[in-house]
Amino acid sequence: MTDSNKMWGGRFAAGPDAIMEAINASIGFDQRLAAQDIEGSRAHAAMLAACNIITDKDAEAIREGLLTVLSEIEGGTFQFSTALEDIHMNVEARLTELIGAPAGRLHTARSRNDQVALDFRLWVRDQCDAAISGISALISKLLTQAEKGADMVMPGFTHLQSAQPVTWGHHMMAYVEMLGRDRSRFQDARARMNESPLGAAALAGTSFPIDRDMTAKALRFDRPMANSLDAVADRDFALEFLGASTITAMHLSRLAEELVIWSSAQFRFVALSDKFSTGSSIMPQKKNPDAAELIRAKIGRIMGAQVGLLTVMKGLPLTYSKDMQEDKEQVFDAADSLMLALAAMTGMMGDLKPNAENLANAAGAGFATATDLADWLVRKLDLPFREAHHITGSLVKVAEDKGVDLSDLTLEEMRKVHEGITKDVFGVLTPQASVASRTSYGGTSPTQVHTQIARWRAKL
């Protein structure tokens with residue numbers, strides 16, 4: 001291939017030494033942008049011909065040559081060179097070998113600055129689409145779980161203490177809502193980044209009569225970016241992708257933490273499939289939730305990528321500085337980590353089996369229906385809620401001293417605390433009755449859960 005001095009032109013008489021080559025080269029990671037680089041170059045060449053900046057013959061040679069380069073890269077026969085620094089120069093050098101002089105016309109009216117901004121934006125846009133698809137697949141599995149357990153009672157927690165009974169379906173739907181917002185964040189980010197930087201050239205635009213609308217349309221952008229300095233200088237589209245990824249990873253981490261807790265011998269709320277668990281090298285009884293634990297940890301890498309790129313960008317004067325070469329590796333790693341975590345969680349939720357008996361037993365523990373008792377006192381005896389709260393607390397103390405639940409107290413014992421209590425009170429003291437009564441919009445009752453499932457199925 002053509003060496004780096006020829007690619008640079010006559011400005012430098014000697015090549016960089018090994019250290020400079022190592023720190024300057026990005027081909028070790030930016031080769032992932034090959035498909036986007038070639039797609040952008042094909043659109044650029046077609047536009048140059050349409051604007052009579054290059055001939056149709058040269059444009060056709062460039063188009064065919066780029067397709068050959070792409071097939072070599074996809075086939076694994078392309079020889080990448082660190083001496084050629086990056087994916088752009090590697091592609092152009094090979095194109096020159098294939099078609100000769102016309103390859104030199106491809107870079108007319110553009111710079112590596114707008115070229116890399118274009119490639120990276122196209123790649124991140126593709127990753128937004130992948131994240132949206134991955135989140136949708138996970139939501140679908142959660143909806144199936146919710147449907148199967150719409151009336152399955154379980155404890156709802158605050159402070160990881162039993163609070164009020166809820167349904168399994170309602171708990172699953174909480175994550176559907178979170179992931180739904182995550183999906184919308186990627187959709188919003190994608191819409192904002194869908195402007196083309198191609199044609200900004202190095203930083204000031206170009207004197208050639210190019211058609212930026214043509215290339216934007218060819219590359220499925222909504223429009224060209226309106227300021228050439230901004231087009232090559234900012235990476236907020238990548239930061240926004242990382243922000244959405246970080247929030248999604250946080251939600252996945254919370255669900256993963258619950259799976260770790262729920263699958264423990266102390267809880268036994270769920271059974272994880274063997275496909276997403278491992279054994280112990282020394283303890284034969286162990287079934288470790290390793291997939292969940294690794295999902296839980298991915299937030300560190302993804303959030304770290306966001307902080308890393310923010311730190312790279314925060315002090316850069318306009319426009320391009322070589323610092324911005326550090327924008328890609330962490331984004332690539334975060335995208336890989338997110339997609340792996342989404343795929344693993346989707347698999348886990350598809351195989352997950354809730355233990356209805358253990359969930360139901362736990363739902364009634366810890367005086368979980370105490371709020372239902374207080375509400376009954378307000379509704380039936382017309383007591384102020386604060387007084388009802390005090391009476392309920394006294395009844396909880398009686399039950400606690402006797403070592404029983406509220407529903408195990410006799411009517412006589414309850415009437416010693418408040419003589420107005422009737423036998424009807426026992427109708428609200430079971431977890432099943434508690435969840436069935438929570439019919440307010442967004443509540444945990446099975447009817448509300450089914451309503452929300454139907455809404456989400458239509459949305460997907």
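**A walk through one predicted model**

Hi everyone, let's start in helix H5 (residues 56–75), where Arg63 and Glu60 both sit, three residues apart, about one turn of the helix.

Before we go on, a word on the ground rules. This is a predicted model, where local features need pLDDT of at least 70 and side-chain atom pairs count only at pLDDT 80 or more, while totals for chains, interfaces and linings use all residues. Residues are numbered from 1 along each chain as its sequence is written, and side-chain values use heavy atoms, with hydrogens and water left out.

Back to Arg63, then. What do the side chains of Arg63 and Glu60 form when they meet? They form a salt bridge, at 3.3 Å from N to O. The term stands for a side-chain nitrogen of Lys or Arg within 4 Å of a carboxyl oxygen of Asp or Glu.

Arg63 has a relative accessibility of 31%, so it counts as partly exposed. Glu60 is partly exposed because its value is 38%, and Glu64, at 35%, is partly exposed too.

The structure holds 24 salt bridges in total. Another one joins the side chains of Lys328 and Asp327, at 2.8 Å from N to O. Here both Lys328 and Asp327 are buried.

Next, a pair of helices. How do H11 and H13 pack? Helix H13 covers residues 328–351, and it packs against H11 at an angle of about 35°, with the axes 10 Å apart. Those axes are lines fitted to C-alpha atoms, for helices over the stretch in contact, and the angle runs from 0 to 180 degrees between N-to-C directions. The crossing of H11 and H13 is left-handed, which means that the near helix is turned anticlockwise from the far one by less than a right angle; clockwise would be right-handed.

Contact, by the way, means heavy atoms within 4.5 Å. On the H11 side, the residues that meet H13 include Phe241, Leu242 and Leu252, and on the H13 side they include Val331, Leu338 and Met345. Sorted by class, this contact has 17 nonpolar, two polar and no charged residues. Nonpolar covers Ala, Val, Leu, Ile, Met, Phe, Trp, Tyr, Cys and Pro; charged covers Asp, Glu, Lys and Arg; the others, Gly among them, are polar.

While we're in H11, which spans residues 236–262, find Glu258. Leaving out residues up to four places away in sequence, Glu258 touches His171 and Tyr175.

Now step past H13. Leu352 is in the loop between H13 and strand E6 (353–354). Leu352 is buried because its relative accessibility is 5%. Its contacts, not counting residues up to four places away in sequence, include Trp168, Leu259 and Val270.

A few backbone details to finish. Where is the cis peptide bond? A cis peptide bond joins Leu318 and Thr319, with omega at about 5°, and Thr319 lies in the loop between helix H12 (290–313) and H13.

Two residues other than glycine have a positive phi. Asn52, with phi near 60°, is in the loop between helix H4 (34–50) and H5. At 69% relative accessibility, Asn52 is exposed. Leu160 also has phi near 60°, in the loop between strand E1 (153–158) and strand E2 (161–167). Leu160 is exposed as well, because its relative accessible area is 52%.

One last stop: Ser111, in the loop between helix H6 (87–99) and helix H7 (112–148). Ser111 has a relative accessible area of 14%, so it is buried. Ser111 touches Ala201 and Ala202, again leaving out residues up to four places away in sequence.

How values were computed:
Helices (H or I, at least four residues) and strands (E, at least two) are DSSP runs, numbered from the N terminus. Buried means under 20% relative accessible area, exposed over 50%, partly exposed in between (1.4 Å probe, protein chains only).
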